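Thanks for coming, everyone. Let me walk you through one structure. Have a look at it first.

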Amino acid sequence: MTLTELTITQAHQGLKKKQFSALELCQAYLDKIKKKDKEVHAYLTVNESVALSQAKKIDDLLAIAQETPLLAGIPVAVKDNILVENVKCTAGSKILKNYIAPYNATVIEKLKAQGAVILGKTNLDEFAMGSSTENSAFGPTHNPHDLSRVPGGSSGGSAAAVGSEMALYALGSDTGGSIRLPASFCGITGLKPTYGAVSRYGLIAFASSLDQIGPITKTVEDAKIVFEAIAGKDEMDSTSVEIPKIQNTKYQIQNLRIGVPKEYFVKGIAPEVEKVIKEAIKKYEKAGVKIEEVSLPHTEPALAAYYIINPSEASANLARYDGIKYGHSAKGKDLMEVYLKSREEGFGAEVRRRIMLGTYALSSGYYEAYYLRAQKVRTKVIEDFEKVFKKVDVLLTPTSPFLPFKIGERIKDPLAMYLVDVYTVSVNLAGLPALSLPAGFVGKLPVGLQIIGQPFEENRILEVGEIFEKL
Ligand code: GLN
């Protein structure tokens, strides 16, 4: 096994037994980046010298310490909408092209406290708006399994980095699927935590009632390790809560009840994706798990509601980019012209589209017809899940109805792009945890299986995921 193939536990053991140093591990990843990232374009910033000096510090620590934290010396990539102190943070946007983060996000503080080695910042759709990473102002990321295809989005850089061994693990953010979709398209694992499980402090806000930071990893065990490291209450984010530590209780496989929502297998799903997912479900069944068909009747309206609520919150959050407070500042004859020109020059097409849609949906006279209506649908979506979780423990679905598509295939038609999110957005509207893990391949293209759980039951979906890895 080469150094870049190791999982977190394997790398931790190797460091502990002095089979290799943290410096060597870090260098192996930097070499991979040099070799591969020209064609994949997963990174926007690589901090070679900072990463190496951090690795050196960990080696010094390893020389004297009996025990080190699991993530000490492990190289990580961070989505470029999460602040790392003194490092550029662009959110994939021209408007923040030269913005240097003045402080660390809470998740970064937590990883640094464990001794993580931060390799750099990864590409994303501008302000995390998109499903393909093509909306980045700095050019698209390519899928490591087929360079002519998208890696999914918006955390496409993070997923492509892990999928091509240019980082051992990564952080992403998920507002409507942006951890799970790219994990699925890049053949790796991604966990979207329960809303409130992980602090959002230092995450560039997109749609605040939906955003969560989570791990993108090679295995389910790695996702669990990273999740435990970043979760917990933070006084800087009033929506964050303390969660019980993950118990290593093993569920009796025969007692596990799994639901399969019928609305996720209707017209629109690619037949080859459906086949892989159905086979995955059969594997659980053969192992003795009870599989039950369930119904989430508001799956389709959920997508429409998401694309009202998300732009509404985004339009409010993005009002702060006025050319004065942050980032790109255009010249103008008066303050109003500075505002208008800075935003016009700084924002790309999708960001402008969402600001317009959101502002419209929130405007007086239309608020009731759009925003309020969408919030009512959101309540229905939550009720759908509450109902099925009375009968089953977790749900199995495809992560995406499609295989990774070609770069350029959907970008000209925003509605075709929004359709990619149909299986992921309901989870964010309901605040639930969900995992995407590799279910199989169609040719060389990976297909992701989504496991949805009840609030704060990350342990359960992780365990159901681990069961699948062993089947
Ligand atoms: N694709 C979805 C959107 O464009 C989700 C994005 C995300 O989760 N950040 O809104």
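**Around the ligand**

Start with helix α9, residues 299-317: it gives the most to the shell around the ligand, with three residues. Helices here (H or I, at least four residues) and strands (E, at least two) are DSSP runs, numbered from the N terminus.

A word on the source. This is a predicted model, where local features need pLDDT of at least 70, side-chain atom pairs count only at pLDDT 80 or more, and totals for chains, interfaces and linings use all residues. Residues are numbered from 1 along each chain as its sequence is written, and side-chain values use heavy atoms, with hydrogens and water left out.

Back to the shell. How many residues surround the ligand? There are 16, and the closest are T175, G176, S178, Y306 and R354. To count as near, a residue needs a heavy atom within 4 Å of the molecule. By type, the shell holds five nonpolar, eight polar and three charged residues. Ala, Val, Leu, Ile, Met, Phe, Trp, Tyr, Cys and Pro count as nonpolar, Asp, Glu, Lys and Arg as charged, and the others, Gly among them, as polar.

Now the polar contacts, meaning pairs of N or O atoms within 3.5 Å. A polar backbone atom of G130 is 2.9 Å from an oxygen atom of the ligand. S131 puts a polar side-chain atom 2.9 Å from a ligand nitrogen atom. For Y307, an N or O atom in the side chain is 3.3 Å from an oxygen atom of the ligand. And the cover? On its own the ligand has 290 Å² of accessible area, and the protein covers 100% of it. That area comes from the Shrake-Rupley method with a 1.4 Å probe.

Zoom out. The protein chain has 15 helices and eleven strands. Its C-alpha trace spans about 65 × 55 × 45 Å along the principal axes.

Two backbone details to finish. The peptide bond from G153 to S154 is cis, with omega near 10°. S154 is in the loop between β3 (117-122) and α5 (156-163). H41, a residue other than glycine, has a positive phi, near 55°. H41 is in the loop between α2 (22-40) and β1 (43-46).

Methods. Polar contact = N/O pair within 3.5 Å; in protein donor to acceptor, adjacent residues only side chain to side chain.
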